[in-house]
Amino acid sequence: MSEFEPTIIAFVCNWCTYTAADLAGTSRLNYPKNIRMIRLMCTGMVDPQYIIKAFLEGADGVLVSGCHPGDCHYINGNYKARRRIKLLKEILPQFGFDPKRLRLTWIGASDGIMFAEIMRDLSAQIKALGPSEAKLKMVI
Amino acid sequence: MAKTAKIEVKDGDLLLCLREFFRSVFKTGEVTAMLVPMHLPMKQVIMPVLVSDPERLDDADPLAPSFPMNSATLVSRLTRKPSGGKIAAVLRSCEIRAFTELVKLKQGSRDELVIIGIDCMGAYTNADYRRFSEKESTATFYGSVLSGKGTAVSGADLAPACSICEHPVPEGADIIIGLFGIDVRNHLLIQGMTPKGESMLSSLGLPESGEPEERRSAIESLISIRTKSRDNLFDKTAHATDTLEKLTAWLSGCINCYNCRVVCPVCYCKECVFVTDVFRHEPSQYLQWAERKGVVKMPTDTIFYHLTRMAHMSTACVGCGQCSNACPNDINVMELFRTVAHNTQKAFNYEAGRSPDEAPPLSEFREQEFGEVVGIN
């Protein structure tokens, strides 16, 4: 059997983390192909249901990544995202989701190197956790 | 200290006494209409009724163990804009707390509203109440509860939500009508809890009275029993749903009717995303899903719906239990949602309906908080 390759959905904001990903690319930095990025204007627009949907569709990990506190292009979207992540980290583990599968980071536009590092670390961590229950079982 | 008075009870008939009290509220000239649970003329069914003629209060029955819907939604309809009149609403504790949440979301207002709360003895499920009402009267129920014989009458007992309710006293009301720890054969306690309630009490000209000491201890012991059974239920439910597979088993009877959302007083969206075109999937989409895993349960999105609802409303859940009451397949929705809500509200140091001054947790933020959820280490 081939080695387990996790699927990680990353909701990234247009202004910081996506720009950092762009920088990582133009700087020819490598990071694992397990990360599937979805660009949004702001992490403040990530409704909890997007994350729930990603998990139920079989994502092994979900990352939400935006601007550092104080740097949000829309002033405070990232603070709102932090509360929603806090909320989901209360709800999902009650049903057996490992809280490590849901992550929030701040990666600024100039942090290309940091972006690639975090993606490598995250991918390794999720790989170590193994496939998520939702991936293996029938979800109604 | 709240202003406290009493109203006399004649022949042990609490309903007669309450109806008389409601009429006297009209006589102050301070209310135009009153929302109160009432027997409908055509059947032994109790529904909230908006009464403008005090002579039509003969069938009012706020003590029956009947709880067909959470009236917070109705009070919201009556107060979301100025109505041109003043309304008194006779509500249960959970209805008041749910309404408080709606006021925070600007879906209702207390400006032209007087809330009369009655110590809540709890209610049966809709099905149990139907059976109960064929043979028994409200007087049997309150007689049994207030004499200490318990809430069970002819085989029916409190709905699960009521049996774990730790808020039997309607604290958020303008006026509280006290039953617990009161010699109800003789009188009921009336307390003005807000300036509005106190001023109404003054215009009613009732004889002043103190709050008997037994009341405090009666309430405390009731709350401690309820809290214990509540925590038991939380433990049991958490254990029974602690994996995705077990959660799936818990919800496997769900047919996506969304009744639990329709009756939920704090499901505040005007249009729920689950009934919009977002979820009117393309036929080919279903095939794709089926092909990916070999099977897909129809209708789809059941767990997705329940988890999303938890994320959207659990911080506002007041535990009224209407979700379970409305479930056509007897899924223990209340147990699940209250358990989750207890944890999410604790996480934000919030309690739904506790105070009109506390903002809903997802509507605000602090610059320094929840550092533990950030980062990947």
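Which strands of chain A does helix H2 (residues 48-56) lie across? Helix H2 of chain A lies across S1, S3 and S4 of chain A, and runs at about 150 degrees to S3(A). The model is predicted, so that local features need pLDDT of at least 70 and side-chain atom pairs count only at pLDDT 80 or more, whereas totals for chains, interfaces and linings use all residues. Residues are numbered from 1 along each chain as its sequence is written, and chains are lettered from A and ligands numbered from 1 in the order in which they are written.

View 1. Four strands of chain A form an open sheet with parallel pairing, in the order S2-S1-S3-S4; helices (H or I, at least four residues) and strands (E, at least two) are DSSP runs numbered from the N terminus, and two strands pair if DSSP finds at least two bridges between them. Strands S2 (35-40) and S4 (102-106) of chain A stand at the edges with a single partner strand each, so one side of each is left without a neighbour in the sheet. From one strand to the next, the twist averages 20 degrees. Helix H1 (residues 17-26) of chain A packs on the sheet, where it touches strand S1 (8-13), S2 and S3 of chain A, and its direction makes about 110 degrees with that of S1(A). Angles run from 0 to 180 degrees between N-to-C directions, with axes fitted as lines to C-alpha atoms, for helices over the stretch in contact.

**View 2. The pairing of S3 and S4 in chain A.** Strand S3 (residues 61-66) of chain A pairs with S4(A) in the parallel sense over five bridges. Val64(A) has Leu104(A) as its bridge partner in S4(A).

**View 3. The side of chain B that touches chain A.** The contact takes 33 residues from chain B and 36 residues from chain A, two residues being in contact if their C-beta atoms, placed from the backbone, lie within 7 Å. Helix H9 (244-250), H12 and H14 of chain B each supply at least two residues of this side of chain B, and H12(B) gives the most, with seven residues.

**View 4. A cis peptide bond in a loop of chain B.** The peptide bond from Met298(B) to Pro299(B) is cis, with omega near -10 degrees. Pro299(B) is found in the loop between helix H11 (283-293) and helix H12 (302-313) of chain B.
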